[in-house]
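Here are a few friendly notes to read alongside the model.

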Amino acid sequence: MSELKHILKLTLLEKKDVLIAIFFGFLAGIASVALMGSSGYLISKAALTSQMTTLVVMAACLKLFGFASALSRYGERLYSHRATFTMLSHLRVSFFERLSPLAPGIFSKYRSGDLLSRIVGDVESLQNFLLRVFYPPVVLGIVFLSVVFFTSFFSLGIAIVIFIGMLLTVVVVPALFSSRKRHANGQVRAQRGNFAIEATEFLYGFRDLQIHQQLGGKKQQLKDDAAQYNEGQRKEGLEENLAQSINAFVALLVSFFVLAVGAYFVAAGELNGLYLALLVMISIAAFENVAPMAAFPTYFEESRKAAVRLEEIVDEPILQRGTEAVPNGPLDIKLTNASFRYPGEQDLAVDRVSLHLKPGTKTAIVGPSGSGKSTLMQVLLTVFPLSQGQLSIGGKSAETLMQEGVWQEMNIVLQENHFFYGTIRSNLLIANSAATDEQLNLALMKVQLDNFSLDIKVEEKGQNLSGGQKQRLAIARALVKGKSLWLLDEPVSSVDSVTALAIYQQLFQQHKDDLFVIISHDLAGLEKMDQIVVMEKGRIVESGSYDMLMAKKGYFYQLKQIENSVFV
Ligand SMILES: Nc1ncnc2c1ncn2[C@@H]1O[C@H](COP(=O)(O)OP(=O)(O)OP(=O)(O)O)[C@@H](O)[C@H]1O
């Protein structure tokens with residue numbers, strides 16, 4: 001039950017709705033018991049006496065109880081569902097608040113399909129927590145105790161039988177099935193997760209699977225996962241039916257006992273026969289309310305597992321981020337002896353790097369594939385926390401700064417940039433929602449996309465754009481943002497060299513006071529950079545201006561020679 005503590009806390013944030021729902025639930029339950037009880041009494045009274053007034057009063061009571069029962073049921077549904085949906089919205093908010101600081105590291109631990117299944121499926125499963133786990137036993141408990149209290153005035157023996165029946169149907173049978181369910185290996189939630197993982201991969205990798213003629217195998221795997229999930233659901237359904245049958249059987253048995261014990265007491269002269277039908281009908285009505293308890297084990301286990309699966313994700317230590325604002329004015333970025341290691345990896349991806357990036361300067365980071373350039377960029381973006389060393393922005397330690405505040409000051413273009421379904425305009429406005437069409441068109445012109453209309457449709461992930469167009473659109477987005485720190489990771493790797501050069505020229509000429517950090521594979525055109533940083537195995541092996549490095553005839557010079565010999 002401890003797994004559900006957090007969910008219970010969120011549910012009880014809506015204490016008022018929960019209490020009103022319990023109150024109406026109790027009224028509905030007790031009114032239906034009273035309805036049946038008074039009809040039993042009416043039957044006996046009609047058979048045994050001919051007092052018209054009592055019969056008329058009882059008939060009026062029947063109508064009143066019927067009306068009260070229907071009305072209270074409506075109130076119960078209204079308030080319990082309102083409390084449930086508010087709890088779900090609290091849950092989603094609290095889950096995302098705890099999840100977002102874990103991104104993007106979370107993707108190395110969980111596959112996207114799995115995350116999706118947890119975020120959507122498991123959160124959704126928890127809508128049953130109040131409606132079918134927490135609330136029914138509470139309402140039933142109160143209704144039953146009231147019934148036991150009422151019947152004890154007529155016959156203590158019958159009250160005891162009803163009390164034992166209550167313990168069996170509300171506590172013992174559901175607890176037995178819950179424990180059975182916990183120990184059975186019905187992993188429906190995990191199976192649903194597996195199915196979501198495979199389906200997402202199938203969707204993402206459809207084209208590659210088709211090209212490599214591997215669609216068949218993957219399809220089969222999907223079918224197997226779907227079959228397992230179906231089988232799990234089938235077994236779950238059977239188990240629920242069994243619980244329902246046993247609970248209904250026990251309830252019927254108890255009503256039978258009430259009749260038998262009542263008949264015995266009537267025969268023994270300990271109970272007035274007038275009340276026998278009333279007590280039997282009360283018992284039948286009270287046990288009719290027990291039906292939702294049959295589903296309790298399924299929903300209890302489902303809620304428990306969903307809560308555990310959600311907790312698993314967000315139960316990572318939360319990295320404490322700073323709260324200070326980024327200082328005003330031109331910003332510099334300084335790395336001192338900075339190292340970073342990916343979780344679970346042996347080697348440092350960034351190894352004792354010291355670097356000072358000043359406003360108004362242009363720095364290129366070059367090096368062979370896998371040398372740590374992109375990781376260094378993520379470190380500068382404060383996405384990856386340093387394992388060792390210092391990162392300061394504008395003279396302040398990055399740890400003390402608010403991460404959103406740091407990103408707000410940066411124009412960022414990564415190797416892969418996401419484009420949303422919409423138009424060119426909507427994709428550019430992401431960077432600055434206040435930008436005018438004129439500003440957007442100017443940005444498009446600077447990246448040589450002036451032939452693009454702002455109303456052109458962009459398909460999901462920018463599928464209808466070429467690689468180079470996507471990169472230029474990402475630069476245009478950075479231009480629209482208009483900040484002074486430029487962090488660009490291979491921004492023009494898919495753009496032809498003439499256009500790329502023209503874009504760089506525009507950027508450098510019109511943003512002379514800005515700070516540029518550009519990762520590049522291409523060693524051509526670096527003459528314009530103020531500083532070239534050469535990386536190898538996570539370390540800076542050389543740095544300086546183009547002329548300095550060429551004159552030094554060191555590592556960069558050799559890379560240039562290799563590049564020249566390859567292309568000559
Ligand atoms: N998420 C990750 N988890 C573990 N190791 C990683 C991860 N991403 C990168 N690495 C490793 O870190 C090292 C540096 O990778 P990085 O992507 O920074 O290199 P790079 O110089 O940018 O390469 P490229 O030029 O090919 O983009 C590589 O050895 C890589 O295998």
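1. Before you start: this is a predicted model, in which local features need pLDDT of at least 70, side-chain atom pairs count only at pLDDT 80 or more, and totals for chains, interfaces and linings use all residues. Residues are numbered from 1 along each chain as its sequence is written.

2. In the sheet, Leu335 stands opposite Leu355 in S2. Strand S1 (residues 333-340) pairs with S2 in the antiparallel sense through five bridges. Strands here are DSSP runs of E, at least two residues, and helices are runs of H or I, at least four, numbered from the N terminus; two strands pair if DSSP finds at least two bridges between them.

3. The whole open sheet has four strands in the order S2-S1-S4-S5, with antiparallel pairing. Strands S2 (350-357) and S5 (396-397) are at the edges with a single partner strand each, so one side of each has no neighbour in the sheet.

4. Finally, the axes of helix H8 (residues 188-204) and helix H10 (residues 215-267) come within 9 Å and cross at roughly 160°. Axes are lines fitted to C-alpha atoms, for helices over the stretch in contact, and angles run from 0 to 180 degrees between N-to-C directions. H8 and H10 are therefore roughly antiparallel (an angle over 145 degrees).

Notes:
Parallel < 35°, antiparallel > 145°, perpendicular 65-115°, else oblique.
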